[in-house]
Number of protein chains: 2
Amino acid sequence: MSQALYQRIAGSLRARILSGGHPVGDVLPSENELADAYRTSRVTVRKAFQILESEGLIKPRQGKGYIVQPPRHSTFTLIFGAEAEQGAYRDLEVSIVPPELPVSRMLALGDGQLVISIRRVLERGGVPAAFDEKFIPYERGKPTVEQELEHAEFPELFAGRFATVSLRTEMSIRASSPPDYVSRALDTGEAQLLTVERLILSPEGQRIGFSREWLTGAFGPLRAVSGPPTGG
Amino acid sequence: MSQALYQRIAGSLRARILSGGHPVGDVLPSENELADAYRTSRVTVRKAFQILESEGLIKPRQGKGYIVQPPRHSTFTLIFGAEAEQGAYRDLEVSIVPPELPVSRMLALGDGQLVISIRRVLERGGVPAAFDEKFIPYERGKPTVEQELEHAEFPELFAGRFATVSLRTEMSIRASSPPDYVSRALDTGEAQLLTVERLILSPEGQRIGFSREWLTGAFGPLRAVSGPPTGG
DNA sequence: AAGTGGTCTAGACCACTTC
DNA sequence: AAGTGGTCTAGACCACTTT
């Protein structure tokens with residue numbers, strides 16, 4: 001099971017870039033040069049270049065060549081959701097209520113519009129680790145709350161109304177003091193907690209859901225990574 | 001400037017998937033079918049499929065076809081660093097000191113190993129927004145602190161010693177109480193702050209730098225997004 | 001056996017950059 | 001004019017899945 005040729009070419013170029021053999025700004029050997037060197041076709045060499053391009057290592061410039069890019073350490077990938085599965089959710093309350101002002105603003109609701117509110121606590125090892133609160137505009141004739149609750153994950157909650165692939169999520173992370181009912185449920189007193197807010201957007205940009213989570217120390221930190229892939 | 005054929009094919013398929021025309025688990029038309037339909041070659045159709053694959057919308061299975069994937073809303077892209085440029089750093093202190101225990105642990109330092117400590121405050125509109133503290137193992141004969149300070153961004157600080165493309169960063173986000181010297185500098189009193197820790201790793205996995213940042217409300221929330229690209 | 005994706009070839013023409 | 005990447009063709013053989 002030897003590697004494909006284009007993989008070997010990509011690996012060889014990657015190694016040379018990462019080891020500093022081709023510093024940032026350098027122009028790599030051209031497609032034709034490499035095709036000759038490896039006794040292969042240009043298409044195969046291009047495939048190798050496209051791998052490195054997708055890794056952000058190089059960028060093509062027509063008429064010039066492939067140029068080694070500076071590393072982008074400002075884009076991080078957040079690992080989120082995996083940890084939440086280590087624990088159990090305890091449902092606190094499902095209700096149809098008039099929204100608080102910040103919620104109403106976030107969902108851009110009209111006057112008198114009610115929302116479905118779902119409150120849950122994540123427990124880990126018997127200790128409350130997070131308080132989770134979701135808000136969905138309430139509309140008669142839409143799937144019932146009971147049905148929706150079968151899906152734990154937020155975006156999937158809208159599967160009946162939208163193609164879930166098409167939904168976008170905007171996340172906002174800060175430290176803030178939770179309201180009383182949250183600090184009581186989490187037993188955290190006055191402490192400020194890591195707060196994660198999520199806004200679910202339809203393909204048309206409509207705000208179709210909003211959630212707030214307060215994470216205690218028991219939840220652990222959020223983690224993010226950047227840089228070249230670990231396997232490479 | 002009409003779009004390339006493979007772009008049009010990808011766009012057409014993407015639209016059908018996002019609008020729910022091809023639900024999750026569906027098998028898309030085969031490469032040969034589409035090549036016939038668009039009166040083009042298989043290579044061009046493949047290129048279209050590869051775009052959708054890179055977007056995470058589909059996954060190929062040899063002998064079967066391209067299958068529509070469930071959306072992955074658990075991977076978020078953190079937008080970090082861009083906001084920091086809206087403001088000015090004020091240097092507080094550069095010193096060579098014995099590390100505190102947590103720093104020594106994070107960098108896996110031996111006994112007696114000293115570290116270079118760099119403390120800065122980010123001010124935005126005259127208000128302190130963040131406290132920034134970096135630790136680098138001190139070694140004689142390596143680039144001087146003065147030289148290193150010319151580079152503001154953390155990973156770039158190691159440009160002399162490593163090919164910066166090859167560095168990885170692990171980030172950890174939580175809410176915590178800052179030490180006294182931080183809350184004094186930021187004038188935040190007892191409040192817990194958003195805390196961002198970064199560990200810089202060499203290609204070999206060696207821990208070559210560690211940073212801590214405490215962000216006040218003036219810094220604003222961290223933001224992350226997931227879902228299909230905005231332009232698509 | 002037939003159909004699918006995975007890899008690869010040996011050309012072609014175009015737009016762009018450099019000399 | 002020569003070289004570069006960008007797009008595209010019309011084939012080929014392979015490994016895998018389904019019938």
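Reader: What makes up the surface near DNA strand C, by class of residue?
Author: The surface near DNA strand C has seven nonpolar, ten polar and five charged residues. Ala, Val, Leu, Ile, Met, Phe, Trp, Tyr, Cys and Pro count as nonpolar, Asp, Glu, Lys and Arg as charged, and the others, Gly among them, as polar. This is a predicted model, in which local features need pLDDT of at least 70 and side-chain atom pairs count only at pLDDT 80 or more, while totals for chains, interfaces and linings use all residues. Residues are numbered from 1 along each chain as its sequence is written, and chains are lettered from A and ligands numbered from 1 in the order in which they are written.

Reader: How many residues surround DNA strand C, and which are the closest?
Author: A residue is near a strand or molecule if its C-beta atom, placed from the backbone, lies within 6 Å of it. For DNA strand C, 22 residues surround it, and the closest are L5(A), G63(A), S30(B), P60(B) and G63(B).

Reader: Which elements supply at least two residues each of the surface near DNA strand C?
Author: They are α1 (5-18) and α3 (42-54) of chain A, with α2 (31-37), α3 (42-54) and β2 (65-68) of chain B. Helices (H or I, at least four residues) and strands (E, at least two) are DSSP runs, numbered from the N terminus.

Reader: Which residues come nearest to DNA strand D?
Author: Of the 22 residues around DNA strand D, the nearest are S30(A), P60(A), G63(A), L5(B) and G63(B). By class, this surface has seven nonpolar, ten polar and five charged residues.

Reader: How many residues of chain B are in contact with chain A?
Author: Contact is called when the C-beta atoms of two residues, placed from the backbone, lie within 7 Å. By that rule, 43 residues of chain B are in contact with 43 residues of chain A. On the chain B side, β7(B) gives the most, with eight residues. That side has 24 nonpolar, 15 polar and four charged residues.

Reader: What makes β7 of chain A and β10(B) a pair of strands?
Author: Two strands pair if DSSP finds at least two bridges between them. Here five bridges join β7 (residues 168-176) of chain A to β10(B), and the strands run antiparallel. Within β10(B), R223(B) stands opposite S172(A).

Reader: Why are the two copies said to be related as by a two-fold rotation axis?
Author: Copies are superposed by least squares on the C-alpha atoms of residues with pLDDT of at least 70 in both. Chain B can be laid on chain A with an RMSD of 0.1 Å by a turn of 180° and a shift of 0.0 Å along the axis. The two copies are therefore related as by a two-fold rotation axis. The same surface serves both copies, since 100% of the contact residues of chain B recur in chain A.
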